[in-house]
Amino acid sequence: MRPRVTIVLGLQWGDEGKGKILDVMASEADWVLRAQGGNNAGHTVEIGGEKFVLHLVPSGILRAKVSCLIAGGAVVDPAGLVREIEGLARRKIRTQGRLFLAEQAHLVLPQHRAVDQGSEKKRGLAKIGTTGRGIGPAYSDKATRVGLRAGEMALPAAELARRLRERVMAHNRVAGSQGWEKISATKTVREIEKAARFLRPYLADGVTLAHRAVAGGKRILIEGAQGTFLDVDHGTYPFVTSSHCTAGGACTGTGVRILIEGAQGTFLDVDHGTYPFVTSSHCTAGGACTGTGVPPTAIQRVVGVLKAYTTRVGGGPFVTEDGTLGHLLHGMGREFGSTTGRARRCGWFDAVLVRRAVQLNGVTEMAITNLDGLDGLEKIPVCVGYRFERKILQEPPVESSDWARCRPVYRVFEGWCEPTTEARHWKELPRRARIYLSAISQLVGATIGIISVGAGREQTFRHG
Ligand code: IMP
């Protein structure tokens, strides 16, 4: 029997192809619940050559029979959500009666974007590389218990306006000294009230909805956004005082992408401050439970989505980063962020990283994507350990600054040098691709359940 409640999440730094895998898995689902994050996420789904990019709305919306919930663990930019729903309506995707917004979810307000963007500017070269969507400041207000929740959009207009003005004034009082842009209270009230009128029919008690679905034996997918190593607890958080550049790729510590062609292995001290390179929510399996209110005991399956190589956007350590691979993938038109359009940093598959993600999330099976990205390569290195101060580590170090100083220990696989995009079955993959995938599975300690060889729905098949 197919498991009823499944978590689907990313095992790397986000952008693993979760949107596509969720869309495929949603053909056998009744509900998709988005657990955390906000419109910093960008889930891309291609159906019959048509491309959909979703930021807050769960990918399940593209399957007519699936109901979707943006759960309480998410943070919601009301105007952004309205734009997304309107965009879906223009493409004849019905949301009324099948998309719900949890009253428990916190709101991302204009001042959150101002703080996010202003703080990044102030950090200069040491910026985190956030999406600028106000995510961190919104979660910060939630944690300090001054946030507004989606349910408050149903308040009488005068009361909602009062609460909004109060928040904007508190922001404006400190904005000047912090280098943040001041916000107009009138404009904020107008923007949020307009969005609130539109979104009210979508509001629901998210926890009750989720529990009814569990109790009713519905098939539920819990959608994680971002990825394990952007988790505020388990990501590359700890403060860095200086960091180093590995491989001939981008400079990890600065958040500035400096291409140093041919300078593989050069160390560049950056010494640029103390910033944590994570998002502000819990992108791991535990976060899927707290975000939705679905208890851990209800979870029967955890599908970890990962790329056949590694990418990340924004700053932070990236041991297997490789400028040449990045160059190649960007040249193929791949690996540009769907939310910000930024070119993603690219590197080889990092088994140390994914092994840790498998442990953290209790992964029961993996969905591996973008295998076709490696089709043209003669040699494919896989990182099997980290060299750090004369030791070989099998786990990532706790400190980001140490992590940034690790060098990859590679095992090199023979490339298959032929297209995988037409494969629809394990046996149709080139022999060397099968060897590569089996080795990855063994190295990280989890079985591969789904393989994706292209952006289309049909370019996905089950294994095992
Ligand atoms: P924030 O979530 O906008 O605060 O950004 C914090 C870090 O997480 C930055 O490095 C972002 O590039 C990264 N990030 C946030 N959302 C995503 C995502 O959906 N995919 C990949 N990286 C993300």
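Predicted model: local features only at pLDDT ≥ 70, side-chain atom pairs only at ≥ 80, totals over all residues.
**Exercise 1.** Describe the span of helix α2, its start, and what covers its buried residues.

*Solution.* Begin with the length: α2 runs over residues 78–90, and its 13 residues reach 18 Å from the first C-alpha to the last, which is close to the 18 Å expected at 1.5 Å a residue. Next look at the start of the helix, where a side-chain oxygen of D77 comes to within 3.2 Å of the backbone nitrogen of A79. Then turn to burial: the buried residues of α2 include A79, L81, V82, I85 and L88, and E84 is also among them. Their cover includes strands β4, β5, β6, β7 and β8, together with helix α6 (185–199). Finally, just after α2, K92 has a positive phi of about 65°.

**Exercise 2.** Decide whether R301 is buried or exposed, and find its side-chain polar partner.

*Solution.* R301 is located in strand β11, residues 301–307. Its relative accessibility is 8%, and the cut-off for buried is under 20%, so R301 counts as buried. The side chain of R301 makes a polar contact of 3.0 Å with that of T6, and the residues that R301 touches also include R2, M25, E365 and R462.

**Exercise 3.** Classify the aromatic pair of W31 and F100 and place its two members.

*Solution.* Searching the whole structure gives eight aromatic pairs.

Methods
Residues numbered from 1 in each chain as written. Heavy atoms only, no water. Helix = DSSP H or I, 4+ residues; strand = E, 2+ residues; numbered from the N terminus. Expected span 1.5 Å × (residues − 1). Buried < 20%, exposed > 50% of the residue type's maximum accessible area, 1.4 Å probe, protein only. Contact = heavy atoms within 4.5 Å. Polar contact = N/O pair within 3.5 Å; in protein donor to acceptor, adjacent residues only side chain to side chain. Phe/Tyr/Trp six-rings, centres within 6.5 Å; stacked < 30°, edge-to-face > 60°. Lists of a residue's contacts leave out its neighbours within four places in sequence.
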